[in-house]
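Let's work through a few salt-bridge exercises together. Grab a pencil and keep the structure open while you read.

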Amino acid sequence: MHRDARAFAPGSVGNVGVGFDILGHPIAGIGDIATVRRIAAPRVRIAAIRGVATGLPMDAERNTAGAALVALRQALALPFGFELELDKGIPLGSGLGGSASSCVAALVAANSLLDAPLDARALYPHALAGEFVASRSRQGDNVGPMLLGGLVLATAQRLVPVAVPAAWHAAVVHPHALLETRRAREVLARAYALREFVAQSANLAQVLLGCERGDAELVRTGLSDVLVEPRRAPLIAGFAGVKRAALDSGAMGASISGAGPSLFAWCEDVATAARARDAMIAGFAEAGFASDGHLTPIAAPSARLLA
């Protein structure tokens, strides 16, 4: 029986514009690493958090990764506990799934230390418990794709993989600015009109069908967020210019990644995604912000154990 394990969980594009709180995909190449040790004491403790400029809670129940492990222990009535170390690779408040990455990495590592490890889907409710600490909401659009890989529809009870052509890529650009998730959620508090929900439902349906059929024109028509983007866009300096730059580069659609301020653009191939990334970086520069750009397959890999 191994007594310690390390796992990596990728970043993610949450919401994918039209799928608020229910649709997301991983971002290959960026993420957090969790090192978990099985300990005799029946509790969860955090030994270290590295790689962040500002302090994160060391109290397990107030930390996303710690809360996820607490939920796992309680659900399985484990007689032992876990000690956790986190190496953060995702900027805080970036809209790239940083809180979700920590709790999924912790769960994947801890799961490998169980006498009878669980299926990835069985870790989902515990990941939701971790996400609740960060946003006071149990949304699965970030943790679901990290657990399964690829585009995932995450309902309250289950995770549903959505097929996407292997050639399709996303450009994801993170401006060097902070936008707290709770602030981004506050602007959504006002009521919406029924016609807006109908339009968003039609757009989401077109995106899902377009992915399953490999129909880029359906995605181009549907990837337009009429609910969340109009309210959050004013919180992101340069938003309109950056989105226009992505679309002018040939992207099928572009919107806010997670709660922002990062933006993503879906493209039919990696060459188009590279052009969109560079154009988006230039757009943020015009708005006065340096930024980091990432290219990722939409069908990017899930979290994994590290040797």
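Predicted model: local features only at pLDDT ≥ 70, side-chain atom pairs only at ≥ 80, totals over all residues.

**Exercise 1.** Find out which parts of the chain the salt bridge between D21 and R185 ties together.

*Solution.* Start with the contact: the side chains of D21 and R185 form a salt bridge, with 2.9 Å from N to O. That passes the test, because the cut-off is within 4 Å. Now place the partners: D21 sits in the loop between β1 (4-14) and β2 (23-39), while R185 belongs to helix α5 (residues 181-186), so the bridge ties together parts 164 residues apart in sequence. Last, check accessibility. D21 has 15% and is buried, because buried means under 20%. R185 comes out at 21%, which makes this residue partly exposed.

**Exercise 2.** Work out where E83 and R45 lie, and whether each is buried or partly exposed.

*Solution.* Their side chains meet in a salt bridge at 2.9 Å, N to O. E83 is in strand β4 (residues 81-87) and R45 is in strand β3 (residues 44-50), so this pair links distant parts of the chain, 38 residues apart. With 15% relative accessible area, E83 is buried; with 31%, R45 is partly exposed.

Notes: Residues numbered from 1 in each chain as written. Heavy atoms only, no water. Helix = DSSP H or I, 4+ residues; strand = E, 2+ residues; numbered from the N terminus. Buried < 20%, exposed > 50% of the residue type's maximum accessible area, 1.4 Å probe, protein only.
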